[in-house]
Amino acid sequence: MSKPVEFIVRRRRSRYFFKVSVFNTKSQMYTYFRKRGKSIGLKRNDNKLDFFGICMCYEHIDIQNKRMPDIGEVLLFRGKIGAGIVAHEMLHAALHYERLVSKNEQATFTNNIGKEEERLAYCLTDLVRQFTVKAYELGIYP
């Protein structure tokens, strides 16, 4: 089994990041998800693994009760890495970042485009842009 292409994405000027893994097949992604998901407390029925990508959000605290910079993982596979799937998973990452780092615990956004929604939009822009640039650099996109 070949290894996935891995890289990180983060909010500009932030120490917090998400590890992105792009697998060659959906089966490889599911195998990794089963193993890694258990280690971080995610539970899913193996018979119901039907996703094209997933954002596994977490908070990593060290033994001195300090938050570590890794706050999640995004899993994708080469067969389904179009803009829609990437944007969808990066939105989950951006919302987790909002809740955890920006202290918007409820990740609330109003009907008016205010500073909270703009902050989220810029976070999403950063994450999707980094993914796309890296995907081209690493040959994931042709």
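1. A starting definition for this predicted model: a residue counts as exposed when its relative accessible area is over 50%, and as buried when that area is under 20%, with partly exposed in between. Asn65 has a relative accessible area of 66%, so Asn65 is exposed. You will find Asn65 in the loop between strand S3 (53-57) and strand S4 (70-77). Its backbone deserves a look too: Asn65 is not a glycine, yet its phi is positive, at about 65°.

2. Arg13 sits in the loop between strand S1 (5-10) and strand S2 (17-23), and its phi, near 60°, is a positive value in a residue other than glycine. With a relative accessible area of 80%, Arg13 is exposed.

3. Now for the other end of the scale. Is Ser21 buried or exposed? Ser21 has a relative accessible area of 0%, so the residue is buried. Ser21 belongs to strand S2. Beyond its neighbours within four places in sequence, Ser21 is in contact with Pro4, Val5, Glu6, Val74, Leu75 and Leu76. With one of these residues, Glu6, the side chain of Ser21 makes a polar contact of 3.5 Å.

4. The side chains of Glu6 and Lys19 form a salt bridge, 3.5 Å from N to O. This pair links distant parts of the chain, with Glu6 in strand S1 and Lys19 in strand S2, 13 residues apart. Glu6 is partly exposed at 44% relative accessibility, and Lys19 is partly exposed at 23%.

5. How many salt bridges does the structure hold? There are 8. One of them joins the side chains of Asp126 and Arg11, at 2.4 Å from N to O. Asp126 lies in helix H3 and Arg11 in the loop between S1 and S2, so the pair ties together parts that are 115 residues apart in sequence. Asp126 is buried, with a relative accessible area of 1%, and Arg11 is buried as well, at 18%. Both take part in a network of salt bridges that links Arg11, Arg12, Asp126 and Arg129.

6. Another salt bridge pairs Arg36 with Glu73, their closest N and O atoms being 2.4 Å apart. Here helix H1 supplies Arg36 and strand S4 supplies Glu73, so to speak, and the pair links distant parts of the chain, 37 residues apart. Glu73 is buried at 3% relative accessibility, whereas Arg36 is partly exposed at 23%.

7. While you are at helix H1 (residues 26-39), please look at Lys35. Lys35 counts as exposed, at 67% relative accessibility. The C-alpha atoms of Lys35 and Phe7 are 19 Å apart, and the two residues are separated by 28 residues along the chain.

8. Last comes helix H2 (residues 83-100), which has 18 residues. From its first C-alpha to its last H2 reaches 25 Å, close to the 26 Å expected at 1.5 Å a residue. Its buried residues are Val86, Glu89, Met90, Ala93, Ala94, Leu95, His96, Tyr97, Glu98 and Leu100. What covers them? The cover includes S1, S2, S3, S4 and helix H3 (115-137).

Note on methods. Residues are numbered from 1 along each chain as its sequence is written. This is a predicted model: local features need pLDDT of at least 70, side-chain atom pairs count only at pLDDT 80 or more; totals for chains, interfaces and linings use all residues. Side-chain values use heavy atoms; hydrogens and water are left out. Helices (H or I, at least four residues) and strands (E, at least two) are DSSP runs, numbered from the N terminus. Buried means under 20% relative accessible area, exposed over 50%, partly exposed in between (1.4 Å probe, protein chains only). A polar contact is a pair of N or O atoms within 3.5 Å; within protein, one must be able to donate a hydrogen and the other to accept it, and residues adjacent in sequence count only if both atoms are side-chain atoms. Contact means heavy atoms within 4.5 Å. The expected span of a helix is 1.5 Å times one less than its number of residues. A salt bridge is a side-chain nitrogen of Lys or Arg within 4 Å of a carboxyl oxygen of Asp or Glu.
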